[in-house]
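Please read it alongside the sequence and the model.

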Amino acid sequence: MGIQTSDKPLLERVKESEQDKFMQASVAKAQDAQHIKREDSRALLGNWEQWRELGEQIRQRALKYLPDYLEQFSDNVEKNGGDVFFAATEKDAVDYIEKIVKETGAKRIVKSKSMVTTEIDLDKRLLAMNKGLQLMETDLAEFILQEDDWDEPTHIVFPTLHKNRDQVREIFMKLGYEGDNDPMHLARFARKFLREYFLQADLGITGCNFAVADNGMINLVTNEGNADLTMAIPKTQIVVMGMERIVPTMNDAEILDNMLCRSAVGQKLTSYVTFEKGQVAGETDGPEHFHVVIVDNNRSRALGSEFQSILQCIRCGACMNVCPVYRHIGGHGYGSIYPGPLGAVLSPILGGYQAFQELPYASSLCGACTEVCPVKIPLHKLLIEHRRIITDQRHMQHGLNNLMMEAIGIGTGFPWLFRTAVRFGHLGLKPLASKGEVHAENFIKPEGSVKGGPGLVGGWADVRDLPLPPKNKDSFRQWFAKHKANQPQPGDQKANQ
Amino acid sequence: MTIYNREAFLDRLSERLGTPRHQMDKEPFIHRNQLPEETLADLSSDELLDLAKNTSEALHVTFQVTDQTGLPAILDEYLKRIGAGQLILPTEPDQVADYQLQDWIDTVAKERTVKYWDPKADRATNLATSQDSMVAIGFGDYLLAESGTITVPTTPGQGRAFNFLPTHYLSIVKRSHILPRSTQVTKIYDDKIKSGELVTSNINYISGPSNSGDIEMVLIVGVHGPLDMTYVVVNDR
Ligand code: SF4
């Protein structure tokens, strides 16, 4: 698949996404459910703002000394008996993995969910190179997408958000399923079907949430158990990791695991958090041959640039779970395997402006993403930075702002975005603080204006603060209507002052 | 055991960052706060047990506490609930002795097939035994109160797949091994790995049964790993 999932213009994709009412309802439901779980779990932990500062510090430290930590990690993997391949490009990564597949004579590969392998289009490339090869995605959602002719994921944590149970049933019927559309029955079928594959698998491919520099172990955070079977059964394991996944120590990984689980799914820890490396003497399962592929694939473009902080990302998906634009257009609307605010910042870096110059405009710049991010990435500021570059250096048509706004219903007389803000309140919920009720005002700076706020009312690229809405949780709409009535309009006297 | 393409790759990153390599040790890394260590650190033993029970049960775990003498009866009752089927046990003689389980195992073996994860057997045999087992009874190393998590380092006698292939899973853990959070246990493992006291390729932190919300966000308990989970905490003081 690669990073880019569609070469249609953004506005066309948005229009297509709008037709998918099930997807829109699912995304809304997911956002609301995740909002409650995420905020509850963070509140229960307490001191969330300080946890964020710590998370940010760990990620910034890893990036600041990235070459040193990668060196330390690779030395330790080698000491533990594994191989490490540094892949500058996706081609380098795929070529190396193909070489291992050939050398080991692997015929049946099991994979656990990994965004970076989707990014380098690993599955399809391996299958194309080797006709006799069987390769199975074993995460339930990824399995559904694979069996649906490699459909695109729509979310980095919930890839099948756009599919309903009837569609899943139809997909499984092609594999021999005869039951009803009950999710439990469907999942049990997948369990049985995939267990057969697991037991005969000779090579496992996993991603890696964090790689521990000072002992060479990798850390995986999952819920289904498929990743652990992928690491237990086959004799060979290939770990594919983006180069920024590194952390200094096991405790740093564990701290981030706690933040990741709460931010992604509202759990204290997911069912399975695992630290692993290649088999040691006396053990009978686990990988005898352990390979780590460390992928750059244009991540280094962000290093030392104004975009470096995007590499702090721990792939929790929280930013898409609060994004009003994601809510409206869903994952496919972005045309990237990395959707939402994360994707709007990261995709142009990895895939270039040529392919993704429209994406930084797929944002209301409301700042909710920045507020919710567990490692304090200033997402909306990075989007503004992209826009600045696109406008200044690429002379892109400035009107895309307004076209996009119109296309998704923002910028009309009664902005859809604000209706959303009323309904959910959480768009601006200040994650930490709020011990009490959810207030729309929580996404407002103490001094009374939207944070760092590019104006919602004006143009996209304008950086203009909004006044403080009234202190209540139910009349954002009224506030907006009233406020708008008092606003100077283009051409009137006040506006020209 | 080879590292490919490293120097050019890291030099390029260093150039992008605008800083030379090998500077890390000049700036020791000190966390800006101690929240991971401090959170829940002041709980008493009883409070830890209560919290562990509550969080575990919220994860659909059956949570039981017993004295040493009550353990066989709890395990009997558990197996009765699970029904017929092969039982797999770890080859951990010290733990079996510690929990005084040998007599109980001998009795159970008269009624159902009891197999072991066998350090002398090969991969295929241990995987097949685990796959054919209806139920696994294993030893947890620690129990984390905050998250309802048992931790299990892989050993020659209790392999990785032991924890994942059997349909039902029960973990026995000592009450004195209840810790507040993952921070404490990770520190223990980190220290033991570095000192050479713990030699393992894999450490599992397991919080309840496997689950998924991938189909319409409906929670399904039991996906690829065990369908259900029971923790038995044994008073050991
Ligand atoms: S950018 Fe932040 S909120 Fe978004 S996925 Fe990454 S870590 Fe999570």
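## Interface of chains A and B

Between chain A and chain B there are 11 salt bridges, each being a side-chain nitrogen of Lys or Arg within 4 Å of a carboxyl oxygen of Asp or Glu. Glu56(A) forms a salt bridge with Arg32(B), with the closest N and O atoms 3.9 Å apart. On the side of chain A that touches chain B, helix α10 (residues 183-200) gives the most, with 11 residues.

The contact (heavy atoms within 4.5 Å) takes 111 residues from chain A and 85 residues from chain B. About 8,300 Å² is buried between the two chains, with carbon and sulfur atoms giving 56% of that area; buried area is the accessible area (1.4 Å probe) that two parts lose on being put together, summed over both.

## Basis of the values

This is a predicted model, in which local features need pLDDT of at least 70 and side-chain atom pairs count only at pLDDT 80 or more, while totals for chains, interfaces and linings use all residues. Residues are numbered from 1 along each chain as its sequence is written, chains are lettered from A in the order in which they are written, and side-chain values use heavy atoms, with hydrogens and water left out.

## Helix α3 of chain B

Leu48(B), Leu49(B), Ala52(B), Thr55(B) and Ser56(B) are the buried residues of α3(B), buried meaning under 20% relative accessible area and exposed over 50% (1.4 Å probe, protein chains only). They cover an arc of only 140° around the axis, which puts them on the same side of α3(B), the arc being that of the directions from the helix axis to the C-beta atoms. On the other side of α3(B), Asp46(B) and Ala58(B) are exposed.

Conventions. Helices (H or I, at least four residues) and strands (E, at least two) are DSSP runs, numbered from the N terminus.
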